[in-house]
Amino acid sequence: MQAYDRTVALRPKVIIYNTYYPYNRWDITPEAARRLEELAALMKKYPEFQVQIETHTDKRASDKYNDWLSEKRAQAAKQFLVKAGVPAERILTVPAGERKPVADCEACDKKSHQLNRRAEYLLKGYNTEIRSQQPENIPVME
């Protein structure tokens, strides 16, 4: 029952956001670093949480390359969290490549491609799941 009470108190207050990547890159941008620091602080405060990091690419390369790039993005986000003090065993990475686009378009514009180059986060703990959200303003990075 205590875990349930904590979930009720925690859930309305917790909002985490997707992070985004420049074209053909996996480095953590300053905006992504800020969001990952917030996520790390939350995970340190609530050690029962685990996080799943699902990384994505746009469609502008081969499936094989996008799978490789997605893996690099997942590992970069995981390493950032580990360096921030989150134990590696609490982090699961799921590289998805280009298979789950947010903007599913044949001739995507820059904004649509940017929406697809993202990491999504799923926090699991306290008998609940909290998914990351798309922020209102996403800068286009090329």
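**Core, cavity and disulfide of the predicted model**

The largest nonpolar core comprises 24 residues. Leu39, Val51, Ile53, Leu81, Tyr121 and Leu123 have the most contacts inside this core. A nonpolar core is a set of buried Ala, Val, Leu, Ile, Met, Phe, Trp, Tyr and Cys residues joined through side-chain atoms within 4.5 Å. Buried means under 20% relative accessible area, exposed over 50%, and partly exposed in between (1.4 Å probe, protein chains only). Two or more core residues come from each of helix H2 (30–45), strand S2 (50–56), helix H3 (63–83) and strand S4 (118–125). H2 gives the most, with six residues. Helices (H or I, at least four residues) and strands (E, at least two) are DSSP runs numbered from the N terminus. In soluble globular proteins, nonpolar side chains tend to be buried together.

The model is predicted: local features need pLDDT of at least 70, side-chain atom pairs count only at pLDDT 80 or more, and totals for chains, interfaces and linings use all residues. Residues are numbered from 1 along each chain as its sequence is written, and side-chain values use heavy atoms, with hydrogens and water left out.

Leaving aside residues up to four places away in sequence, Ile53 touches Ala77, Lys78, Leu81, Ile91, Leu92, Thr93, Val94, Ala119, Glu120 and Tyr121. Contact here means heavy atoms within 4.5 Å.

One cavity of 30 Å³ or more is present. The largest cavity holds about 50 Å³ of space. A cavity is a set of points, on a 1 Å grid over the protein atoms alone, where a 1.4 Å probe fits but cannot get out; lining residues have an atom within 4 Å of a point. Grid points are joined across faces, edges and corners, and the volume is the space filled by probe spheres set on the points. Ile16, Tyr17, Arg35, Leu36, Glu38, Leu39 and Tyr121 line the largest cavity. H2 supplies the largest share of this lining, four residues. Five lining residues are nonpolar, none is polar and two are charged. Ala, Val, Leu, Ile, Met, Phe, Trp, Tyr, Cys and Pro count as nonpolar, Asp, Glu, Lys and Arg as charged, and the others, Gly among them, as polar.

The structure contains one disulfide, a pair of cysteine sulfur atoms within 2.5 Å. Cys105 and Cys108 form this link, with sulfur atoms 1.8 Å apart. The link is right-handed, with 105° about the S-S bond. Cys108 is buried, at 18% relative accessible area.

Asn24 lies in the loop between strand S1 (19–20) and H2. Asn24 is not a glycine, yet has a positive phi of about 65°. Asn24 is partly exposed, at 35% relative accessible area.

Technical notes: 1 Å grid on protein atoms, 1.4 Å probe; cavity = no way out; pocket = protein on both sides within 12 Å on 5 of 7 lines; lining within 4 Å.
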